Amino acid sequence: MIDPDRLANPGEGWVSREVYWDPAVYEAELERIFARCWLFVAHESQLPNPGDFLTTRMGQDGVIVTRRRDGQLAAYLNSCPHRGNKVCHAEAGNARGFVCNYHGWSFGLDGRLLGMWQQSTFEKSAGYDAGTLGLVPVAQIESYKGLVFATFDPLAPPLDEYLGDFRWYLDVLLDNDDGGTEFLPGCIRSVLHCNWKVAAENFAGDALHAGWTHDSGARAMLGQGLKGDIDPSSSYSINVNGHCWEFALDMVGNAATFGDRTVARYIRNRAEDVEARLGKLRARMIGAASSVNVFPNFSFLPGQNSFRVWFPRGPQETELHTWVLVNRRHPPEIKEAYRRGAMLTFSPSGLFEMDDGENWEQTTLVNAGVVTRRQKLWFGLGQGTRVAHDEFPGNVFQGQINDANQRAFYRRWAQLLGADTWADVKGDPGTDQQ
Amino acid sequence: MALWIEVSQFLAYEARVLDEERYDDWLALLTEDVHYWMPGIENRRRADPIGEYAPGRMAYFDDTLEDLCRRVLRFQQPSAWMEDPPTRHLHVVSNVEVSLEATGAGHPLGGQTIIAHSVVVNYRSRGERDQDTLYARRRDRLRRDGEGRLRIAERVVQLRHNVLVAKNINTFL
């Protein structure tokens, strides 16, 4: 079995490059992280009506997420119990059920086996029991304010507990208005030849790269580079259960990258209403210079409102799916400004995202060298910056130019890889982080 | 036939301008009111009324000239680290079909715009052996400027990919 302590010591501030390369590490992640954690699978707005479905993955397992006739959301393995063929080949749509192309096995929206080609022959066969041959459901599926998560592990704690106090931060985007949120229609997908963690840890806490990596994008969109010396007294890195949010309190730092001021102006105009709802501090986080990763692989950028999942496809390949989140009650021109803004900044053709892929691929692929991958990577920036804060829950660190969240990500990663079941996962591994 | 030759030559010239990263020259081939659209391609069933793509849904490009100028400005920054050493681009344009479409009376072009359908294959090679190939169909609406030169007023780039088999699109198709 993998010994996570050999691979990462966040307390001392290092991570082995093997975590990006070793196939055994990757297999352990599929078993102990992706088959175990609550994973983002949909936004409720993507499935408003009975029969609406989308296909996605949990780890490398293909799943169908659908709204049943009774209005409940459900998710099943996208694989026929008969010979295993995929039963749903479209990325989204509306259906009365799912029929396998191979032998015509047919399933209801509730996953039950309804019938098949040559049904009477099956019915005469000893041991055939349609009741045991439905689509395999996930163990648990729950929503948090529009975001739908599922887990394959019946022992996983409830979603509320899994997210913990991170919900207080998620409300910045999910609950700043009575009407709730929605995803704009469509989904952009691309392939990166990098390990999934390189991307996830970047969104968890790498504010550092923004000013350097994205200088060209900033100059094109803002007319100037990003500031080099950011005052650490007004920015934070916080984490809860390995979920990470690094942020300034500048309200529109991210939104400003759209160039066009429409969204930034709109956020400022709403500030008082949001303050009344969420308080002064959270009102300043809505479009701020910030990035977020919900453990393990669900990330977003407040301000650009680009939401994304880094699907693992082997140690050296990641498939990225991105969506744009807006408030349902945003006026149409604001929704359009978010759609175009996210496209121009953080999509495969975007002025900012373009520079990330190249870095992340090389960060991963250099480790083909056996001597190279023996080397450790330094994650020690911001050791000793933990602070007590009156309002911010969770583990709070002063300054967003800080590896504190990336260390927290690897603490959670090591905790899960080292645990045989959820019963062995004892609390937030970040609570004693300094 | 003369128009087909002229349009084919124009599209081949445009492809060479892009291969040579002469982005200011490329912008000069667009009209001021250009709409450059590369929608995201969705993998939906034939019966699904939403179809492969539609206006207002997620896109790679849904650009005005100002947006395209911003993209070019990024390519031209000395700090566009990933563009240095440069990408080796190749735009292959084929299957060119040309037709005329009636426009409003009193139009400076005698009431006609040129519709050009084409196929583009874009090969990119970066670093030592990193390579991507993208395939697309294009539908262009071309107009003549005051001096009679062809200019692109509208381009729809219909990618032949659902998942973009690349990490980015650091060019124009």
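Me: How much of the contacts in chain A with a separation of 6 or more comes from residues 24 or more positions apart?
Reply: Such residues account for 64% of those contacts in chain A. Two residues are in contact if their C-beta atoms, placed from the backbone, lie within 7 Å. In chain B, the share from residues 24 or more positions apart is 58%. Please keep in mind that this is a predicted model, in which local features need pLDDT of at least 70 and side-chain atom pairs count only at pLDDT 80 or more, while totals for chains, interfaces and linings use all residues. Residues are numbered from 1 along each chain as its sequence is written, and chains are lettered from A and ligands numbered from 1 in the order in which they are written.

Me: How do you know whether the radius of gyration of chain A agrees with that of a compact globule?
Reply: The radius is taken over C-alpha atoms, and the globule rule is 2.2 Å times the number of residues to the power 0.38. With 434 residues, the rule gives a value near 22 Å, and chain A has 22 Å, so the two agree. The C-alpha trace of chain A spans about 75 × 55 × 40 Å along its principal axes.

Me: And what does the rule say for chain B?
Reply: For 173 residues a compact globule would come near 16 Å; chain B has 17 Å, which agrees. Its C-alpha atoms fill a box of roughly 50 × 45 × 30 Å along the principal axes.

Me: Why does Leu170(A) count as buried?
Reply: A residue is buried if 20 or more other C-beta atoms lie within 10 Å of its own, exposed if 12 or fewer, and partly exposed in between, with C-beta atoms placed from the backbone. Leu170(A) has 20 C-beta neighbours inside 10 Å, so it counts as buried. This residue lies in helix H5 (residues 166–174) of chain A. Its C-alpha atom is 9.6 Å from that of Val294(A), 124 residues away along the chain.

Me: What makes helix H6 of chain A mostly covered?
Reply: Ten of the ten residues in H6(A), residues 196–205, are buried. Among them are Trp196(A), Lys197(A), Glu201(A) and Phe203(A). For the whole of chain A, buried residues make up 53% of the 434; in chain B, 29% of the 173 residues count as buried.

Me: What counts as a helix or a strand, and how many does chain B have?
Reply: Both are DSSP runs numbered from the N terminus: helices are H or I with at least four residues, strands are E with at least two. Chain B has three helices and six strands, and from the N terminus on its elements run α-α-β-β-α-β-β-β-β. Chain A comes to 14 helices and 22 strands.

Me: Why do S2 and S3 of chain B stand at the edges of their sheet?
Reply: Two strands pair if DSSP finds at least two bridges between them. The six strands form an open, mixed sheet in the order S2-S1-S6-S5-S4-S3. S2 and S3 (88–102) of chain B each have a single partner strand, so one side of each is left without a neighbour in the sheet.

Me: Which residues bring H8 of chain A and H3 of chain B together?
Reply: Ser216(A), Gly217(A), Ala220(A) and Met221(A) meet Arg70(B), Leu73(B) and Arg74(B). H8(A), residues 215–222, packs against H3(B) at an angle of about 145°, with the axes 8 Å apart. Axes are lines fitted to C-alpha atoms, for helices over the stretch in contact, and angles run from 0 to 180 degrees between N-to-C directions.

Me: How many residues does each chain give to the contact between chains A and B?
Reply: Chain B gives 31 residues and chain A gives 35. On the side of chain B, H3(B) gives the most, with five residues.
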